[in-house]
Amino acid sequence: MCSSDLSDFHAYGSQNVAALGGPDDWVYRSTYRHTDNSHSAVAGLDARPGHGFTLGGSVTYNFSGTSGFGHNQTIYTLPPDSVLSYDGTGDGYSHWDNTILSLHAERTGPGGGKLGVAADWIDYANNRPTHVAGSFVDAHGEAVATTTDSLFSPAQLGFSTTAIRVGVGKIDYSKPLGDRLRFEAGVKGTYTASSSSSGIES
């Protein structure tokens, strides 16, 4: 499944920014195109390889992605007649990958005892890089001194990654002990690990 949309935003106002030398009037325009894309796939199997024995499993994979491209333009007017302009573009995407694996097996013995084994595994990953490039110049096309400030940096690179892994396993055993009693026992274990990192370079 894929979808896309486009937004166009206009604004104007006044503010006092020390980095620009004081009060100023500004006119701002921003356009942004956003695209979503997602896919899923599922596969499973159940079998009876022998009398009283069942075996099965399934795999589910899901991909979900979003990407965007933005264009920002701002014109600053400072008294008495200084004009500064910023023109910048930004693009990036965010991808989610999700995999789920499930396995199960059960064996029934001649005395009615049942032994069951099951395991599940979830693997989740997200990757979200961004890139911003821009120019901040005066009316003559010369770079403004504040370009060295991170606020008006000519280029910025951002990154963000996340990984989550979860595993669950269990073993169950049950057996009838006469008409009114049943013996049951089991053990279950879980595993969880996660990591993430993010940053901006300019």
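Predicted model: local features only at pLDDT ≥ 70, side-chain atom pairs only at ≥ 80, totals over all residues.
A strand, in the sense used here, is a DSSP run of type E with at least two residues, and strands are numbered from the N terminus. Leu115, for example, lies in strand S5. Among the features to look for are a surface patch with about 710 Å² of accessible area, a nonpolar core of 6 residues, 3 salt bridges and 5 aromatic pairs.

- Two or more residues of the nonpolar patch come from each of strand S5 (114-127), strand S7 (155-177) and strand S8 (181-201).

**Largest nonpolar core**

- The largest nonpolar core consists of 6 residues, namely Tyr76, Leu78, Leu84, Tyr86, Phe136 and Val144.
- At least two residues of this core are supplied by strand S3 (53-78), and at least two by strand S4 (82-108).
- Tyr76, Tyr86 and Phe136, which are listed among the core residues, also form one aromatic cluster.

**Salt bridges**

- The structure holds 3 salt bridges, and in the one between Asp8 and Arg29 the closest N and O atoms are 2.9 Å apart.
- Because Asp8 lies in strand S1 (residues 2-17) and Arg29 in strand S2 (residues 22-50), this pair ties together parts that are 21 residues apart in sequence.
- Both partners are partly exposed, with a relative accessibility of 44% for Asp8 and a relative accessible area of 36% for Arg29.
- Another salt bridge joins the side chains of Arg165 and Asp123, with 3.2 Å from N to O, and it links distant parts of the chain, as Arg165 is in strand S7 and Asp123 in strand S5, 42 residues apart.
- Arg165 counts as partly exposed at 35% relative accessibility, and Asp123 is also partly exposed, with a relative accessible area of 22%.
- Lys170 forms a salt bridge with Asp172, in which the closest N and O atoms lie 3.9 Å apart; this distance still counts because the cut-off for a salt bridge is 4 Å.
- Lys170 is partly exposed, with a relative accessible area of 38%, and Asp172 is partly exposed as well, with a relative accessible area of 34%.

**Aromatic pairs**

- A search of the whole structure finds 5 aromatic pairs, and one of them is the stacked pair of Trp121 and Tyr191, whose rings are 6.1 Å apart from centre to centre, with 15 degrees between the planes.
- Trp121 lies in strand S5 and Tyr191 in strand S8, so this pair ties together parts of the chain that are 70 residues apart in sequence.
- Trp121 is partly exposed, with a relative accessible area of 32%, and Tyr191 is likewise partly exposed, with a relative accessible area of 46%.

- Thr74 has its place in strand S3 and is buried, with a relative accessible area of 8%.
- When its neighbours within four places in sequence are left aside, Thr74 is in contact with Trp26, Val27, Tyr28, Leu84, Ser85 and Tyr86; of these, Leu84 and Tyr86 are also named as residues of the largest nonpolar core.
- Ser30 lies in strand S2 and counts as buried at 14% relative accessibility, because buried means under 20% relative accessible area.
- Ser30 and Asn72 are 42 residues apart in sequence, yet their C-alpha atoms are 4.5 Å apart in space.
- Beyond its neighbours within four places in sequence, Ser30 is in contact with Ser7, Asp8, Phe9, His71 and Asn72, and Asp8 is also the salt-bridge partner of Arg29.
- Gly90 has its place in strand S4, and, leaving aside its neighbours within four places in sequence, Gly90 is in contact with Gly68, Phe69, Gly70, His131 and Val132.
- Gly90 and Ala163 are 73 residues apart in sequence and 25 Å apart in space, from C-alpha to C-alpha.

Notes: Residues numbered from 1 in each chain as written. Heavy atoms only, no water. Patch = residues over 30% accessible without salt bridge, like charges linked within 9 Å, V, L, I, M, F, W, Y side chains within 5 Å. Areas by Shrake-Rupley, 256 points an atom, 1.4 Å probe, with all protein chains shown as cover. Helix = DSSP H or I, 4+ residues; strand = E, 2+ residues; numbered from the N terminus. Core = buried A, V, L, I, M, F, W, Y, C linked by side-chain atoms within 4.5 Å. Buried < 20%, exposed > 50% of the residue type's maximum accessible area, 1.4 Å probe, protein only. Phe/Tyr/Trp six-rings, centres within 6.5 Å; stacked < 30°, edge-to-face > 60°. Contact = heavy atoms within 4.5 Å.
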